[in-house]
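Have a look at it first.

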Amino acid sequence: MNRFIDTRGTVRDPLTFCEVVVQGIAPGGGLFVPQEVPAISLDDICALASLTYAERAAFVYNAFDVDIEPLDVARIMAGAYGEQWDDPAIAPVVDLGDNTYVLELFHGPTSAFKDMALQCLPRVFEYASQKLREDGKLDHDHLILVATSGDTGKAALEGFAGREHVSICVFYPHGGVSDIQLRQMTTQQGGNVCVFGAYGDFDDCQTSVKRTFADEEFCAQLLKEHGLALSSANSINWGRLMPQIVYYMSGYAQMVASGAVQKGAPIDVCVPTGNFGNILAAYYAREMGTPINKLLCASNENNILTDFITTGVYDIRDRKLHLTPSPSMDILISSNLERQLFELTDRDATRIAGWMSELALTGHFEVDAATRARMQELYAADCVTNEECLAVIGKTFEEKGYLPDPHTAVAIEVARRLKGQNPVLVASTAHWAKFSPNVWRGLHGVSATEPLPAEVASLTGIELNRLIATQTGTKVPPNLEALETLPRRFTQVVDATKEGVETSVSAWLAG
Ligand SMILES: *Cc1c(COP(=O)(O)O)cnc(C)c1O
């Protein structure tokens, strides 16, 4: 059975998969990685094309030799990648022409790529919690606490709703999420979920949630009165990363099956990157044998990763966060980069711990020349301005008849700039209908800094989606359409302080 170590070398006895899923992050702040990264043969990768997506996911999980019975893996994956997706292919590949292909990751229930992981992780979490309980290693349930700027909150709610042994509470900035995102969250079904607006911005929400995690008195009381420990579902959980490896293998297999690439010939992969989870999954797919040559890292105006990959220096001093049309990539600290550096240094936990503490203390670190060279063998990177992003949306629709969301547009542009001879597979991380105001700007040549015309600004998110769908002959996903008639369950707005978070959680649990 595979076991898991951590990137900072704190964990003495390696843990099982179920243990790391429930634990999330290692005690010293390090991230879990498997001791063994399995190799999968080219024949096996290509054979995935004839399986259902759920079977492909089960194959990869079994290859990792996790502590879940194969029958249970099959059941979990059938539930995770089933009827709730609006395309039976789950992650179809679309040919854009010019040797460019789009891997659509937005066909899940919330129309964002976070569903690829968050339809799977909560089912695994439920299984792991039950199993650890039976093994006498756990005697409590979990409450997932999430601060969200929009997308993650809804995908986590949808994934955890109705699961056993776990409930979820989400805080979003009041007035700081789009109309569609607000409706998505506040109409969420399920007895084990709750949602609060908070008077503050995303940073206030996140800081208050983090302070709640660190409040020992509150945590002790939660455990004593409700039998609950706090947990998080963010992208540093290995249980969120592993489902993402599947779609790169699946994507390659589909490209071979359709004749887009010859069996064994390499492709490049281009990923719109924020926390480095998605592109890291492509790296692991490559390590496991998928013929991927270059990993193209696409950023928006928050281009710290472009600079890091080109210089080897990670520096957040004097950097301000830019607001962009691709908000899910508006990030300064890319947490999953730590795992990549661990792998690039041949798993040198001492060096990783050093760089991470340097970053925390001084706001920067620089990798050695050998590590930088290895990184540059694997990666190429570029970044796109807000105006370029919007222009690419319009241009891609005009020239290819394909309407990308702003995150995907960033990657399409970087793929165009960096691509060589190989076919390039671009990860598409959201449906356009989740970001319709900026999609409208892109289609109509309105700058990112200009307000929308009054007749457009006055539309609800759902009305604007319909307008764009009519103008472009495209479709809005049924789940987003249905938001118009769903009843709003959650209307409460609370203080964006630790006290606000704790009081709301306690009141909800007291029922
Ligand atoms: C989360 C997200 C990203 C960034 O993915 P990472 O794994 O954090 O790099 C990109 N696009 C969308 C739409 C997202 O929701």
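## Ground rules

This is a predicted model, where local features need pLDDT of at least 70, side-chain atom pairs count only at pLDDT 80 or more, and totals for chains, interfaces and linings use all residues. Residues are numbered from 1 along each chain as its sequence is written, and side-chain values use heavy atoms, with hydrogens and water left out.

## Around the ligand

There are 15 residues around the ligand, and K114, G274, N275, N278 and T429 come nearest (near here is a heavy atom within 4 Å of the molecule). Sorted by class, that shell holds five nonpolar, eight polar and two charged residues. For the classes, Ala, Val, Leu, Ile, Met, Phe, Trp, Tyr, Cys and Pro are nonpolar, Asp, Glu, Lys and Arg are charged, and the others, Gly among them, are polar.

Now for the polar contacts (pairs of N or O atoms within 3.5 Å). K114 puts a polar side-chain atom 2.6 Å from an oxygen atom of the ligand. T429 has a polar side-chain atom 2.8 Å from a ligand nitrogen atom, while F276 uses a polar backbone atom, 3.1 Å from a ligand oxygen atom. On its own the ligand has 390 Å² of accessible area, and the protein covers 96% of that (Shrake-Rupley method, 1.4 Å probe).

## The cavity

Searching the whole structure turns up one cavity of 30 Å³ or more. A cavity is a set of points, on a 1 Å grid over the protein atoms alone, where a 1.4 Å probe fits but cannot get out; lining residues have an atom within 4 Å of a point. The largest cavity holds about 30 Å³ of space, the volume being what probe spheres set on the points fill.

Its lining is made of T273, G274, S299, N302, I304, L305, M329, I331 and S334. By class, that gives four nonpolar, five polar and no charged residues.

## Domains and a pocket

The domain assignment (automatic or from a database) gives domain 1 (93-112 + 249-428), domain 2 (120-234 + 488-511) and domain 3 (434-476). The C-alpha centres of domain 2 and domain 3 are 32 Å apart. Their contact (heavy atoms within 4.5 Å) takes seven residues from domain 2 and six residues from domain 3.

The second largest pocket (an open set of points with protein on both sides within 12 Å along at least five of seven lines) has about 270 Å³ of space. It is lined by 18 residues, with E104, F106, H431, W432 and K475 closest to its centre. The lining splits into nine nonpolar, five polar and four charged residues. Domain 1 and domain 3 both give residues to this lining, so the second largest pocket lies between them.

Note on methods. A polar contact is a pair of N or O atoms within 3.5 Å; within protein, one must be able to donate a hydrogen and the other to accept it, and residues adjacent in sequence count only if both atoms are side-chain atoms.
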